[in-house]
Amino acid sequence: MLTLPARLLAVPLAAVLVALTPAEAAPGTLPRAAAAAGPLAADLDRLLGDARLAGAQVSALVTDPATGEVLYERASGALMLPASTQKTVTAAAALDLLGPDHRFRTEVLAVGRRTGAVVDGDLVLRGGGDPTLLPADLDALAAQVAAAGVTTVNGGLLADATRYDDVPLGPSWAWDDQAAYYSPQISALTLTTDGDYDPGTVRLTVTPGGAAGRPATVRVTPEEAPVRLTGQVGTGPAGGARTVDVARRPGGNDLVLSGSVPADAAPGDEWIAVDGPARIAAAVFAAALARHGVTVRGAVAEGPAPDGAAPLAAHDSAPLSALLTPFLKLSNNGIAEHLVKEIGKVRGGEGSWAAGTEQVRAFLHRSGLEAGEARQVDGSGLSRHNLLSARRLAALLEFARRQTWFTTWYDALPVAGDARRMVGGTLTNRLRGTAAEGRVHAKTGSMTGVDALTGYVDTPDGHPLAFAVLVDNFAGTSPRPVIDAFAVRLAGGTAAAPAAAEAPTTRTGPAGTADRHDWENTCFTEARC
């Protein structure tokens, strides 16, 4: 049984990326230099000498992105697990290779002869890779079919997810994360439940019973999703702990409930990744068609639309430029993987991880960003096969500033200490009350034994610096306070790390409900990914 980790705030090996030698370095790569001397270097050295980093591997680089000058360097060419800092590369490649205006299109097609209001064949729901498709969007598609005059379909409903390959999980993704919302199955036809846009998931809303000892109620969104609930969530005493747990049996959509919620708790949500996202989407669409008066006589099945199928309805996603905000702010793994497969389909003719990461590699090569070896096998950084260096991240930060899409990319990075969820993102509860608050725009990266931060910081005189800090292979006490102190020092603050790590403050949503939607902080507090 796969157990779903608690959700706090806020998804085949590619070729190894070949290194450029210093003599071959193109514009955008960084000069190789020894760590600079002076107060800044001394302070950063002292911070990275913290006992919490003993035994860990540390890589760091600070540059002036306007000139490429190296201001501080420590093992900047070392190959490290990047975790979600990998998303900065994926986002830049998507903007360059797909363009900021790229949209994902979902279509409804009719197969066979149509006579008046009757289609004497199948309807096809063809996925276009949209990681943000909502039940409301499927309802709007069903309304379009009805408005086109169709009332009866003598055949069935075909779910077409063939834009991408049929490999649902990335290389070396953890087997025991398959139920976790941050590790969804990737499909060209998939569904999400809310504006956080986690594809391939359903949402369970748990409401306590009227008094302690009574069962809680559990509502599934979308309600038509063919999942089966077993077990029970109980109602505990007022003021008690929330211990809700949802598990999914491998190879199906049997969801097992356990735990309890306090009697005085507000309704709270749990998200879980489903098996067979295309089937889930098709079932929800079939129900939407029925609501709009369209009768489908046959069953739901999966497969490609046949040649000659006639278009009936279409839905376009928001442009890529808009999708970057939930992608980077919330460190959305599902969006990352859809972008990689979409890059592979659009630029390489195949919607797969291998094709997509090969196109990303080619983008890095053309842009002169192969500052040392690296390996990328997915878009999100979930895989432990990924390897990246601080040198390459800093080169990307320098390169991005010269691109027409820079503002879109920069604005999508989390902003330190900003309480607005779609501004602060995964940095909302970090660096508050420090010199770095509001002045660090950076991407976080966390998984068990890994913590990283890369982005830009404005110095007290307003001059931007680019930086990357990656810490791998630590056990025990988290090095996050040291990483945060590194950013504070760059922002002009004192070079001192807190004595102990503090657990992130749990965000609250409407009416005081817990916002359980930050998988990176789940990693930080529970080491479960």
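Colleague: Which residue in β9 is the bridge partner of arginine 126?
Modeller: Aspartate 160 is the partner. Bear in mind that this is a predicted model, where local features need pLDDT of at least 70 and side-chain atom pairs 80 or more, while totals for chains, interfaces and linings use all residues. Residues are numbered from 1 along each chain, and side-chain values use heavy atoms, without hydrogens or water.

Colleague: Why are β7 and β9 called paired strands?
Modeller: Pairing takes at least two bridges found by DSSP, and 4 bridges join β7 (residues 123-126) to β9 (residues 157-160), so they pair. These two strands run parallel.

Colleague: What makes β19 and β20 edge strands?
Modeller: β19 (300-302) and β20 (310-316) each pair on one side only. They end the order β19-β9-β7-β4-β20 of an open sheet of 5 strands with mixed pairing. A strand here is a DSSP run of E, at least two residues long.

Colleague: How do you know that α3 packs on the sheet?
Modeller: Contact means heavy atoms within 4.5 Å. Helix α3 (residues 135-147) touches β4 (105-110), β7 and β20. Helices are runs of H or I of at least four residues, and α4 (residues 277-291) is another, lying across β4, β7, β9 and β19.

Colleague: Which element gives the most to the lining of the second largest pocket?
Modeller: That's α4, with 3 residues. Lining residues have an atom within 4 Å of a grid point. Of the 20 lining residues, the closest to the centre include Asp165, Asp166 and Glu302.

Technical notes
Axes are lines fitted to C-alpha atoms, for helices over the stretch in contact, and angles run from 0 to 180 degrees between N-to-C directions. On a 1 Å grid over the protein atoms alone, a cavity is a set of points where a 1.4 Å probe fits but cannot get out, and a pocket is an open set with protein on both sides within 12 Å along at least five of seven lines; lining residues have an atom within 4 Å of a point.
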